[in-house]
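Try each task yourself before reading its solution.

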Amino acid sequence: MDRRSFLLSSAATGAALTLGCAPSTSPSGPPATPPVPTPDPEGSSEPSRPAAPPPKTMLILGGTGFLGPHLVEVAKARGYTVTLFNRGKTRPELFPDLEKLQGDRDPDKGEGLKALAGRSWEVVVDTSGYYPRMVRASAELLAPRIKQYIFISSISAYAKNDQVSADETAPLAVLSDPKVETMGKEHENYGGLKALCEQAAEKAMPGRVANVRPGFIVGPGDPTDRFTYWPVRVARGGEVLAPGTPEDPIQVIDARDLVAWLVTLSERGRTGVFNAVGPGEAVTMGSLLEACKAASKSKARFTWASAKFLTDERNPIDLPIWAPPEGDTRGFHTWSNARAREAGLAFRPLAETVEETLAWWKTLPAERQEKLRAGLTPEQEVKALAAWRRAPKGRK
């Protein structure tokens, strides 16, 4: 697997876990599907208008994985009445005080979307959309009775990552078969499917959709361990294999910052496309590792291995979050977030995310802490460090 394929696979698998469900096989405008007129009881020649959706109500499609619970807490704190719609399989014990509707994103499976029929909400936040047919089904069903649809897409929706500081106008990924409903052997369809999901939502509700494209979503509760690997590994001390150079750029967004902004988008009725990447200040691999070191008061020592060595096709070594700032991934961690910041996206200090991620990790059961789900095992790291030291000059 080449580096680009590995990044796509890692991003897609991580995104499914981050948003909390594995994928199954501008101003308000008029509804895409007009409501059926109802007779006016007073005999007027004009049909009565459908009732407006109740204010400060939010439907979350998903809601019990990683991003969802953070969103629930923020929305409730800011006065929203929240309803969850999901299959009831991921942590169903969460939020016993909320209304929970069960069904399936696939309208052809079981009860499908029947629980949503005839219901009204002010805003819908879709954290579990992976296939355009399913996003289209929910968006079209809800269109007559909601004001705004916020779809959580991905930076992977873009066709390429080779341009520095690209913005929302960059070309999107295109699939040879737009009807495919598998991620592909190496998740090569993930980005193109997300792009098609965006388009499906927008077609169902022109001008009422906010398509949000996050990069790596991190912080307490992250089940992927991609970011968590670094605070945990640095806290352990000793010689740490670090990727590339200390100046290599990094973009991550704390889940709590992301959900606070999603609620802001709802409150302001903002629509359009936004790159939800951060933090606010420029972050490098070096500054991230130093923040990890400070958080744990570790005496870790960093050995920086070159991109050439780490991406050698004969024996590639994957270190999470990082991507080589060259070639196909030159702009991977440099996407512009200017539009999102103008729309209210704000960030906490990276040090806070690091500290609180490490503190959360320490609260997990011992068996969960025994093996990180991303990065190198201690044995793999020892071997990689030895290989770096003995690598011939041409491989360094």
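The exercises below go from the sheet to the helices and then to single residues.

This is a predicted model, where local features need pLDDT of at least 70, side-chain atom pairs count only at pLDDT 80 or more, and totals for chains, interfaces and linings use all residues. Residues are numbered from 1 along each chain as its sequence is written, and side-chain values use heavy atoms, with hydrogens and water left out.

**Exercise 1. Work out the strand order of the open sheet and find its edge strands.**

Step 1: Helices (H or I, at least four residues) and strands (E, at least two) are DSSP runs, numbered from the N terminus. Two strands pair if DSSP finds at least two bridges between them.
Step 2: Walking across the 7 strands gives 3-2-1-4-5-6-11, with parallel pairing.
Step 3: Strand 3 (99-102) and strand 11 (272-276) pair on one side only, which makes them the edges.
Step 4: Now zoom in on strand 1 (residues 57-61) and strand 4 (residues 123-126): they run parallel and are joined by 4 bridges. Ile60 sits opposite Val125 in strand 4.

**Exercise 2. Find how helix 5 and helix 10 cross, and which residues touch.**

Step 1: For helix 5 (residues 229-236) and helix 10 (residues 350-361), the axes come within 9 Å and cross at roughly 75 degrees.
Step 2: Angles of 65 to 115 degrees count as roughly perpendicular, so that is the label for helix 5 and helix 10.
Step 3: Contact means heavy atoms within 4.5 Å. Helix 5 brings Pro231, Val232 and Ala235, while helix 10 brings Val354, Leu358 and Trp361.
Step 4: Sorted by class, that contact has 6 nonpolar, no polar and no charged residues (nonpolar here is Ala, Val, Leu, Ile, Met, Phe, Trp, Tyr, Cys and Pro; charged is Asp, Glu, Lys and Arg; the others, Gly among them, are polar).

**Exercise 3. Is Thr264 buried or exposed, and what does its side chain reach?**

Step 1: Locate Thr264 in helix 6 (residues 255-268).
Step 2: Buried means under 20% relative accessible area, and exposed over 50% (1.4 Å probe, protein chains only). Thr264 has 11%, so Thr264 is buried.
Step 3: Its side chain reaches the backbone oxygen of Ala260 at 3.1 Å.
Step 4: Set aside neighbours within four places in sequence, and Thr264 is in contact with Arg78 and Ala343.

Note on methods. Axes fitted to C-alpha atoms, helices over the stretch in contact; angles between N-to-C directions. Parallel < 35°, antiparallel > 145°, perpendicular 65-115°, else oblique. Polar contact = N/O pair within 3.5 Å; in protein donor to acceptor, adjacent residues only side chain to side chain.
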